[in-house]
Amino acid sequence: MKSTDENTVTIFSRRIEVRVPIGILAHEKTPQRLWVDIALYADAVTYLQNVSKENLLDYAVLVKAVQAWESRPHVDLIETYIKELLALAFDFPQVVAARVSIAKPDIFANAEQTGVSVMMDRTTYDSFLLSIIIPPPPP
């Protein structure tokens, strides 16, 4: 199932704003604004039939994780945070796909925002995770 299929429920948080030290450019050593968008996708029928306080797709977990970045040391790459959010997203067994976008609204004067967005389904994520745990042999 992909997020564009019919019968999909989307749990999301948009434009979570945090200030973090991030980037590889010289002027990025001080905290700068990030805008974070997160969307979790699940089968709508299954989710709505079974949702309860104990098994809901809790966007608060993701929002709190993003907010915690403000107390962390400098990170070079947006992709570091993207991977963290994907891991949290797929910790929910109901999630079949996730989209994570992180933008730097202040990095370039002539761009509204610049950033990275990743859309991934669970099968691809599981393969990605496995490739990190067990890297392929060298050629």
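Which residues does Val-118 touch, not counting residues up to four places away in sequence? Select Val-118 and show its surroundings: the residues in contact are Ile-82, Leu-86, Ala-98, Arg-99 and Val-100. The model is a predicted one. Val-118 itself is found in strand β4. Val-118 and Ala-97 are 21 residues apart in sequence, and their C-alpha atoms are 10 Å apart in space.

**The whole chain**

Zoom out and colour by secondary structure. The protein chain has four helices and four strands. Followed along the sequence, these elements come in the pattern β-β-α-α-α-β-β-α. Along the principal axes, a box of roughly 50 × 40 × 30 Å is filled by the C-alpha atoms.

**Two helices**

Two packed helices are described by the angle between their axes and the distance between the axes. Select α2, residues 59–68, and then α3, residues 78–90. The axes of α2 and α3 come within 10 Å and cross at roughly 160 degrees. Angles over 145 degrees count as roughly antiparallel, and α2 and α3 are therefore roughly antiparallel to each other. The crossing of α2 past α3 is right-handed.

Show side chains for the contact.

**The largest pocket**

How much space lies in the largest pocket? The volume is about 160 Å³. The pocket is lined by 13 residues, and the closest to its centre are Ile-24, Glu-28, Ile-78, Lys-104 and Ile-107. Select these five to find the place. Colour the lining by residue class: six residues are nonpolar, three are polar and four are charged. Helix α3 and strand β4 (114–121) each supply at least two residues of this lining.

**A last residue**

Finish at Arg-15, which lies in strand β1, residues 8–20. Most residues other than glycine have a negative phi. Arg-15 is not a glycine, yet it has a positive phi of about 55 degrees.

Note on methods: Residues numbered from 1 in each chain as written. Predicted model: local features only at pLDDT ≥ 70, side-chain atom pairs only at ≥ 80, totals over all residues. Heavy atoms only, no water. 1 Å grid on protein atoms, 1.4 Å probe; cavity = no way out; pocket = protein on both sides within 12 Å on 5 of 7 lines; lining within 4 Å. Points joined across faces, edges and corners; volume = space filled by probe spheres on them. Nonpolar A, V, L, I, M, F, W, Y, C, P; charged D, E, K, R; others polar. Axes fitted to C-alpha atoms, helices over the stretch in contact; angles between N-to-C directions. Parallel < 35°, antiparallel > 145°, perpendicular 65-115°, else oblique. Left-handed = near helix turned anticlockwise from the far one by under 90°. Contact = heavy atoms within 4.5 Å.
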